[in-house]
Amino acid sequence: AQKVTQAQTEISVVEKEDVTLDCVYETRDTTYYLFWYKQPPSGELVFLIRRNSFDEQNEISGRYSWNFQKSTSSFNFTITASQVVDSAVYFCALIVASGGSYIPTFGRGTSLIVHP
Amino acid sequence: DARVTQTPRDKVTEMGQEVTMRCQPILGHNTVFWYRQTMMQGLELLAYFRNRAPLDDSGMPKDRFSAEMPDATLATLKIQPSEPRDSAVYFCASGFSGTGYHGELFFGEGSRLTVL
């Protein structure tokens, strides 16, 4: 069975601080996909990034960066110089390739509050 | 911009009434998911369709919930009879999965259901 743990329920920072959201996953499959989604106050979940298990390269997109480490089964998300607009709930998700179901397993989400 | 469209956005109803939520997935996507989001349970998977075939509805209360996909442009989630504990935000999401590829999900804006 698959599992995604986002141990941080809520994080509160002041604008311009850097913040890292943790994601730890569990799977026995060697082929899998990891995702991050953002859910702003408006409610709609928005896709941020997708990584497959064979690609451990870190990724940077503007102020966002992702650190994928298979050795620790982690896929952490860092926001540099946070802004108020980053306030949202962030979800990490996992899809495994075996079994044919391809159903995402979501973490419980981390609520990020960025204060001006 | 292709979007997943959900109706209604908001629904207030009385206990015992039938509720039908509709979803138009993105053209070309072959997977459709229904999720329920509450503060207590987070994101719960209710139903999953692939190529319009229902593959997983193990998370759905079978006695009152039903999900169908009558054609590629419409997915429905029905609750009959509704109960106050069904109050939640219901999300539809679509995506594409094929051999060796599992893409991200695109979520609708959600249907906020309140059962009095």
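Which residues does Ser82(A) touch, not counting residues up to four places away in sequence? The points below answer this and go on to other features of the model, which is a predicted one.

1. Ser82(A) sits in the loop that runs between strand 9 and strand 10 of chain A. Not counting residues up to four places away in sequence, Ser82(A) touches Val13(A), Val14(A), Glu15(A), Lys16(A), Glu17(A), Arg63(A) and Val114(A). The relative accessible area of Ser82(A) is 1%, under the 20% limit, so this serine counts as buried.

2. Lys16(A), one of the residues that Ser82(A) touches, belongs to the loop between strand 2 (10-14) and strand 3 (19-21) of chain A. Lys16(A) is exposed, with a relative accessible area of 69%. The phi of Lys16(A) is near 85 degrees, a positive value in a residue other than glycine. Most residues other than glycine have a negative phi.

3. Ser73(A) also has a positive phi, about 50 degrees, although it is not a glycine. Its place is the loop between strand 8 (64-69) and strand 9 (74-79) of chain A.

4. Chain B has cis peptide bonds to be noted. One joins Thr7(B) and Pro8(B), with omega at about -5 degrees; Pro8(B) lies in the loop between strand 1 (5-7) and strand 2 (10-13) of chain B. Another joins Gln80(B) and Pro81(B), where omega is also about -5 degrees. Pro81(B) is in the loop between strand 8 (74-79) and strand 9 (88-95) of chain B. Most peptide bonds are trans.

5. The largest nonpolar core contains 24 residues, and those with the most contacts inside it are Trp36(A), Phe77(A), Tyr90(A) and Leu112(A). Two or more residues come from each of strand 2, strand 3, strand 5 (32-39), strand 8, strand 9, strand 10 (88-96) and strand 12 (110-115) of chain A. Strand 10 of chain A gives the most, with five residues. In soluble globular proteins, nonpolar side chains tend to be buried together.

6. What is Tyr90(A) in contact with, leaving aside its neighbours within four places in sequence? Among its contacts are Trp36(A), Phe77(A) and Leu112(A), which are also listed with Tyr90(A) for the most contacts inside the core. Its other contacts include Gln6(A), Leu21(A), Tyr37(A), Lys38(A), Leu48(A), Tyr64(A), Ile79(A), Gly109(A) and Thr110(A). A second, separate core has 22 residues, including Val32(B), Leu46(B), Ile79(B) and Leu113(B).

7. Over all chains, the whole structure holds 20 aromatic pairs. In one of them, the ring centres of Tyr64(A) and Trp66(A) are 6.0 Å apart and the planes stand at 85 degrees, so the pair is edge-to-face. Both Tyr64(A) and Trp66(A) are buried.

8. The rings of Phe91(B) and Phe107(B) have centres 6.2 Å apart and planes at 80 degrees, so this pair is edge-to-face. The pair links distant parts of the chain: Phe91(B) is in strand 9 of chain B and Phe107(B) in strand 12 (residues 106-107) of chain B, 16 residues apart. Both Phe91(B) and Phe107(B) are buried.

9. Phe91(B) and Phe107(B) also belong to one aromatic cluster, along with Phe35(A), Tyr37(A), Phe47(A), Phe91(A), Phe106(A), Phe33(B), Tyr35(B) and Tyr48(B).

Technical notes: Residues numbered from 1 in each chain as written. Chains lettered and ligands numbered in written order. Predicted model: local features only at pLDDT ≥ 70, side-chain atom pairs only at ≥ 80, totals over all residues. Heavy atoms only, no water. Helix = DSSP H or I, 4+ residues; strand = E, 2+ residues; numbered from the N terminus. Buried < 20%, exposed > 50% of the residue type's maximum accessible area, 1.4 Å probe, protein only. Core = buried A, V, L, I, M, F, W, Y, C linked by side-chain atoms within 4.5 Å. Contact = heavy atoms within 4.5 Å. Phe/Tyr/Trp six-rings, centres within 6.5 Å; stacked < 30°, edge-to-face > 60°.
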